[in-house]
Amino acid sequence: STRIFVSLTPERKGAATATVRRHLLKTPEHSVAKAQTDVWLWEEDTEKPREMLINLRKHLGRLTVLLGRLENLSHTLAWTSYDGIGGIRSIEMPRLRLSFTIGSGGGRLMCDQHSGYWLLDTEMPAAVQGLVAQWGGGTILLVNAAGEFLVVVSA
């Protein structure tokens with residue numbers, strides 16, 4: 001579970017910039033939260049890092065283009081460290097029930113739903129490229145250490 005904090009900074013002509021921060025919470029059975037009148041008081045999990053939402057539309061790099069092939073960016077959540085330093089830590093595509101987390105070694109976006117597979121963000125082999133072309137642009141590839149591919153196709 002998470003707690004979301006949204007802060008708005010006014011700009012010119014009535015516009016505003018929003019900053020969205022996420023704090024992870026301890027589950028009640030692992031925390032010292034007390035039930036009071038059928039309501040649980042959740043504590044923040046200080047052992048897990050706080051995160052800040054990134055606007056992918058402002059960072060039109062290779063990864064953003066790749067993710068945009070599978071899902072509209074307005075439905076894709078990219079999280080970084082609380083201070084905004086260090087790049088993307090995780091990506092969530094809630095409508096597709098798909099998420100990725102930076103691996104312990106860093107660099108690779110590991111798929112949380114398919115153990116051992118990561119998002120292929122480099123050029124795919126020509127033989128695979130021909131097979132994937134039949135699904136059009138709405139695909140991404142996952143790959144594992146054995147070189148096996150999973151094709152993820154948007155519906």
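Helix 1 supplies the largest share of the lining of the second largest pocket, four residues. Bear in mind as you look around that this is a predicted model. Strand 11 joins helix 1 in giving at least two residues each to that lining. Among the residues that line this second pocket are Arg62, Val65, Leu66, Arg69, Ile140 and Leu141.

Now for the largest pocket. Ala18, Leu53, Ile54, Asn55 and Leu56 are the lining residues nearest its centre. Strand 2 (16-24), strand 5 (51-54) and strand 6 (77-81) each provide at least two lining residues, and strand 2 gives the most, with four.

| Pocket | Volume | Lining by class |
|---|---|---|
| Largest pocket | about 430 Å³ | eight nonpolar, nine polar, two charged residues |
| Second largest pocket | about 190 Å³ | six nonpolar, two polar, four charged residues |

Let's turn to the cores. The largest nonpolar core has 19 residues, and Leu67, Ile91, Leu98, Phe100, Leu119, Ile140 and Leu142 touch the most other members. Two or more residues of this core come from each of helix 1 (62-70), strand 7 (88-93), strand 8 (98-102), strand 9 (109-111) and strand 11 (139-143). Helix 1 again stands out, giving the most to this core with four residues.

Setting aside residues up to four places away in sequence, Phe100 touches Arg89, Ser90, Ile91, Leu109, Met110, Cys111, Asp112, Leu119, Ile140 and Leu142.

Key:
Residues numbered from 1 in each chain as written. Predicted model: local features only at pLDDT ≥ 70, side-chain atom pairs only at ≥ 80, totals over all residues. Heavy atoms only, no water. Core = buried A, V, L, I, M, F, W, Y, C linked by side-chain atoms within 4.5 Å. Buried < 20%, exposed > 50% of the residue type's maximum accessible area, 1.4 Å probe, protein only. Contact = heavy atoms within 4.5 Å. 1 Å grid on protein atoms, 1.4 Å probe; cavity = no way out; pocket = protein on both sides within 12 Å on 5 of 7 lines; lining within 4 Å. Points joined across faces, edges and corners; volume = space filled by probe spheres on them. Nonpolar A, V, L, I, M, F, W, Y, C, P; charged D, E, K, R; others polar.
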